[in-house]
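This briefing is meant for a reader who is meeting the structure for the first time, and it goes through selected features by topic. Please keep the sequence and the three-dimensional view at hand while reading.

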Amino acid sequence: MIRARLSLDSRGAIAAFSASGHAERGSRGDDIVCAAFSVLARTAYRSLEALPGIELRGTAERPGSLDFSVARPARDRELAAGVAVFLATGLGDLARDYPDAVAVTIERDSEG
């Protein structure tokens, strides 16, 4: 099972993300759930990485894992929050469609 945790700051942007595991819904290279999850997570990371002013810290130590946090927020907070909505929506849909393969926890910071 893929387990993911998405932490959002008080403005709705990603503060941190971690994921590990495998969906185990097919053989390596043919698992559509793992592929969908990977595309969502990597696209979100790359989209954040492209935002001006942002500083990300993270690792992908092995296949099936990705951890990153936002060390300095993007100047464009609306775009950063849009990336969070994209990721939360996509991962939520995967978890709903494949509850035996994907578990997602979303935490929201209510301060600020």
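Predicted model: local features only at pLDDT ≥ 70, side-chain atom pairs only at ≥ 80, totals over all residues.

Ala35 and His22 stand 13 residues apart in sequence, and their C-alpha atoms are 9.9 Å apart in space.

- Asp9 belongs to the loop that lies between β1 (2-8) and β2 (14-20).
- With a relative accessible area of 18%, Asp9 counts as buried, because the value falls under the 20% cut-off.
- The side chain of Asp9 is joined to the side chain of Arg77 by a polar contact of 2.5 Å.
- When residues up to four places away in sequence are left aside, Asp9 touches Ala15, Arg77 and Asp109.

**Aromatic pairs**

- The count of aromatic pairs comes to two.
- In one of them, the ring centres of Phe17 and Phe68 are 5.7 Å apart and the planes stand at 40°, so this pair is classed as tilted.
- That pair links distant parts of the chain, since Phe17 sits in strand β2 and Phe68 in strand β4 (residues 65-72), 51 residues apart.
- Both Phe17 and Phe68 are buried.
- The rings of Tyr45 and Phe68 have centres 5.0 Å apart and planes at 75°, and the pair is therefore edge-to-face.
- Here too distant parts of the chain are linked, with Tyr45 in helix α1 (residues 32-49) and Phe68 in strand β4, 23 residues apart.
- Tyr45 is buried, as is Phe68, and ring pairs link Phe17, Tyr45 and Phe68 into a cluster.

**Helix α2**

- Helix α2 (residues 77-97) has 21 residues, which at 1.5 Å a residue should span 30 Å, and this agrees with the 30 Å between its end C-alpha atoms.
- At the start of α2, a side-chain oxygen of Asp76 comes to within 3.2 Å of the backbone nitrogen of Glu78.
- The buried residues of α2 include Ala80, Val83, Leu87, Leu91 and Leu94.
- These buried residues of α2 pack against β1, β2, α1 and β5 (102-108).

**The largest nonpolar core**

- The largest nonpolar core holds 33 residues, of which Ile14, Phe17, Phe37, Leu48, Phe68, Leu87 and Val102 touch the most other members.
- Two or more residues of this core come from each of the elements β1, β2, α1, β4 and α2.
- Leu87, leaving out residues up to four places away in sequence, touches Leu6, Ile14, Phe17, Leu40, Ala41 and Ala44.

- Strand β3 (residues 55-59) and strand β4 run antiparallel and are joined by five bridges.
- The bridge partner of Thr59 in β4 is Asp67.
- β3 and β4 form a hairpin with five residues between them, and Gly64 in the turn has a positive phi of about 90°.

Note on methods. Residues numbered from 1 in each chain as written. Heavy atoms only, no water. Helix = DSSP H or I, 4+ residues; strand = E, 2+ residues; numbered from the N terminus. Buried < 20%, exposed > 50% of the residue type's maximum accessible area, 1.4 Å probe, protein only. Polar contact = N/O pair within 3.5 Å; in protein donor to acceptor, adjacent residues only side chain to side chain. Contact = heavy atoms within 4.5 Å. Phe/Tyr/Trp six-rings, centres within 6.5 Å; stacked < 30°, edge-to-face > 60°. Expected span 1.5 Å × (residues − 1). Core = buried A, V, L, I, M, F, W, Y, C linked by side-chain atoms within 4.5 Å. Pairing = 2+ DSSP bridges.
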